[in-house]
Amino acid sequence: MSKYLKNLVISDLSKRLDGVNDLLVVDVVGMNADKTFTVRKQLREKGLSLLVVRRTLAAKACEGTSLAPAFEGMEGSTAIVWGGEDFVDLAKEVVKLNDDDKFPGFTAKGGVMDGESLTPDTVKAISKWPNRAEQLSLLVGQILGPGRTLAAQVKGPGAKLASQIKQVGENQEG
């Protein structure tokens, strides 16, 4: 590959990754075209992108960005995955494909989150975290909990008093 062509590839990759803060590095070696197509389709349905790149060109394209640590110490073939609503969803999908027996060549190799390099074990640990929607539901539950408790405490004695007054009124009528 000529130097001019390499520079074009680096430029294109830099444009594609512009605005991307987190990505995962995977290996797709050993997968045939049909399985690779299926993986890409599954990722695309979730709003994720998969791109097979030369590791050295990807490292040059990410120099000076928060993505650079993803390629430090990385060896062998490389494909990058990015996108989705949040990073936890991305990690969950990659780990799911990594553990799926239908895609034996798909392997998570690491990545970068908030400028910090990740190992395959870290990616698996992150995939067990709650995603953004789950975190928001937990937060809303924690916010509403004390109000719900207070309302029950205020309503409880009042309901008990109303019940006693009703009983007294019924006894006087009868």
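Figure 1. Helices (H or I, at least four residues) and strands (E, at least two) are DSSP runs, numbered from the N terminus. With 13 residues, helix 4 reaches 18 Å from its first C-alpha to its last, close to the 18 Å expected at 1.5 Å a residue, where the expected span is 1.5 Å times one less than the number of residues. This is a predicted model, in which local features need pLDDT of at least 70 and side-chain atom pairs count only at pLDDT 80 or more, while totals for chains, interfaces and linings use all residues. Residues are numbered from 1 along each chain as its sequence is written, and side-chain values use heavy atoms, with hydrogens and water left out.

**Figure 2. The largest nonpolar core.** This core (buried Ala, Val, Leu, Ile, Met, Phe, Trp, Tyr and Cys residues joined through side-chain atoms within 4.5 Å) has 24 residues, and L24, V26, V39, V81, V94 and F106 have the most contacts inside it. Helix 4 gives the most to this core, with 7 residues. Leaving aside neighbours within four places in sequence, V39 is in contact (heavy atoms within 4.5 Å) with M31, L50, L97, F103 and F106.

Figure 3. The 5 strands are arranged in the order 2-3-1-4-5, with antiparallel pairing (two strands pair if DSSP finds at least two bridges between them). Strand 2 and strand 5 (116-118) are the edge strands, each pairing on one side only. Neighbouring strands are turned by 20° against each other on average, direction ignored; axes are lines fitted to C-alpha atoms, for helices over the stretch in contact, and angles run from 0 to 180 degrees between N-to-C directions. Helix 4 packs on the sheet, touching strand 1, strand 2, strand 3, strand 4 and strand 5, and its direction makes about 10° with that of strand 1. Strand 2 is joined to the antiparallel strand 3 by 6 bridges, and V53 stands opposite T78 in strand 3.

**Figure 4. The loop residue D114.** D114 lies in the loop between strand 4 and strand 5. Its phi is near 55°, a positive value in a residue other than glycine. D114 is exposed (over 50% relative accessible area), with a value of 67%.

Notes. Buried means under 20% relative accessible area, exposed over 50%, partly exposed in between (1.4 Å probe, protein chains only).
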